[in-house]
Amino acid sequence: MKKVIIIGSGLGGLSTALRLADKGHKVTILEKHSTPGGRLNVIQQDGFRFDMGPSFMSMTFELDELFNSVNEKVPIELEELDPLYQVFFEGQSKPRLIYKDLQKLEKEFEDIEPGLAKKAEEYLAKASQFFHDTEDKVVKSNFESKLSYILKLSRVPLKHIPYLMRNMWSEVDKKFDSLEVKIIFSLVAFFLGATPFQTPAIYSLLNYTEMKYNGYWRVKGGMYKLVEEMMKLLEKRGVEIHYNTEIVGYANTNGTVAEMIDQNGKRWSADLFVSNSDAASFRGKILGRESYSEKKLDKMHWTLAPFTIYLGVKGKLDKIMHHNYFLGNNFKAYADKIFTSSISPQKPYYYVNALSKSDPTSAPEGHENLFILCPVPDLRFKKDWSDREELVQNIIDDLSARTGFDISENIVTKKVLDPQDWADMLNLYKGSGLGLAHDINQVGAFRPKNKDEHFNNLYYVGASTTPGTGLPMVIISSKLVTERIENDLA
Ligand SMILES: Cc1cc2nc3c(=O)[nH]c(=O)nc-3n(C[C@H](O)[C@H](O)[C@H](O)COP(=O)(O)OP(=O)(O)OC[C@H]3O[C@@H](n4cnc5c(N)ncnc54)[C@H](O)[C@@H]3O)c2cc1C
């Protein structure tokens, strides 16, 4: 039995705690924030309950894997989204519904993309082959070195090589004719926190997981239910958690971390440490590693920052459903310019989640609960968000016009989080929402490793280490780091 300290209680930290506690280790979690969950969190205000970050999940079989591995039943109920979502294109009278059922999808786009089902079937077949050819070899593997990673990659069938050379947009551009369908198939890039013009084509595998393999699911009672249920399982296994405890330094002896030091100077000792704090910025800020200095971190490619608005509204917005995108009519120009600009968007593109459509307990009767997410430049590009009310009002006015509902007049409660808030609250580097981006040179053995380069008892879990970002990926990350720890201890 080892004494383990986990720094951070995001889904990555909680999943690792569960796996390690189940193996008999004595686990303590230290969390900077006042509640567990990290980005998977909740905001309760004036009778409304908002999911703070994630609003849906894909690849839910990773939840089965996690809970089966600790001999527990999945403690939450999942509900599939059908349709997956709807997209409002600027200037079009009605939104387009996005179905997993390709025949229904074809009907939805029959006026602009004849034969869509066959084209989508071919596109998804290719993405499916890539997913299954790489899932175990690349995504779910620990790598000892760059060489071992390249050797593993060399076992991936050669037919996939062109995927590595292209971006996602060029892949959809080859397959589909209408701009709208191209945009819809490329939206998954934003779930990776980047635009389709930067995201490698390999990530069309996400189209396969959304449309064929598993779909999108929400958690009954709100996403935070997952955290609440995990906390019960952790308590049952004797895991301790300390909130408002931020690790700011460390003490080491001969290649081993002896203690982590919090903001009050308190020293926390353990046999093993797992950082769920960002794997790149922790190495720079806390460990003082030159290869992760601010200058070097700033040169890395980070995912887009979130600008989020939580609105409790009196009345019902009939035109929206659980999951809605509101897009303008200059997709490429917007994607190319906005995210590296210091000016906030005048005609923003944004996502709206209305939890009250599927979960009446999230808002008082006769009210709507709206979570609005607008991807924006991170703090490297736009440092000052004192003008944020202007963006809030732009979005509210646009949403009101496109839904035919006067939101401004009916706001009961409102909260806004800009990139600086996200950065301060959870130590997200420069407010980047999903951590390090997934460029070819920032994945696999090129992503910060889940074992420290210098200290033999320091490990990492979460979005900026392997395999990557998103709820299912950080669950896989917890499996990988647990395997590494167990191998090291064997
Ligand atoms: C707005 C938004 C919407 C999203 N929507 C979705 C979605 O719909 N579906 C999906 O799958 N994914 C979504 N994601 C991504 C998903 O939330 C993340 O990939 C995932 O939650 C990351 O988990 P994590 O464990 O790596 O890190 P985090 O959740 O960031 O947890 C890290 C924890 O460590 C703590 N910490 C950091 N530094 C220290 C320190 N020095 N000392 C002590 N504690 C520290 C932080 O406070 C935090 O609690 C979204 C993200 C955002 C921001």
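Ala, Val, Leu, Ile, Met, Phe, Trp, Tyr, Cys and Pro count as nonpolar, Asp, Glu, Lys and Arg as charged, and the others, Gly among them, as polar. All views show a predicted model.

**View B. Packing of α1 against α18.** The axes of α1 and α18 lie 8 Å apart, at an angle of about 40 degrees. The two helices are therefore oblique to each other. Their crossing is right-handed. On the α1 side, the contact involves Leu11, Gly12, Ser15, Thr16, Arg19 and Leu20. These meet Leu471, Val474, Ile475, Ser477, Ser478, Val481 and Thr482 of α18. By class, this contact has six nonpolar, six polar and one charged residues.

**View C. The open sheet β10-β11-β12.** Three strands form this open sheet, in the order β10-β11-β12, with antiparallel pairing. Strands β10 (247-253) and β12 (267-269) are the edges, and each pairs on one side only. Neighbouring strands are turned by 30 degrees against each other on average, direction ignored.

**View D. Pairing of β11 with β12.** Strand β11 (residues 256-262) runs antiparallel to β12. Three bridges join the two strands. Glu259 stands opposite Ser269 of β12.

Technical notes. Residues numbered from 1 in each chain as written. Predicted model: local features only at pLDDT ≥ 70, side-chain atom pairs only at ≥ 80, totals over all residues. Axes fitted to C-alpha atoms, helices over the stretch in contact; angles between N-to-C directions. Helix = DSSP H or I, 4+ residues; strand = E, 2+ residues; numbered from the N terminus. Parallel < 35°, antiparallel > 145°, perpendicular 65-115°, else oblique. Left-handed = near helix turned anticlockwise from the far one by under 90°. Contact = placed C-beta atoms within 7 Å. Pairing = 2+ DSSP bridges.
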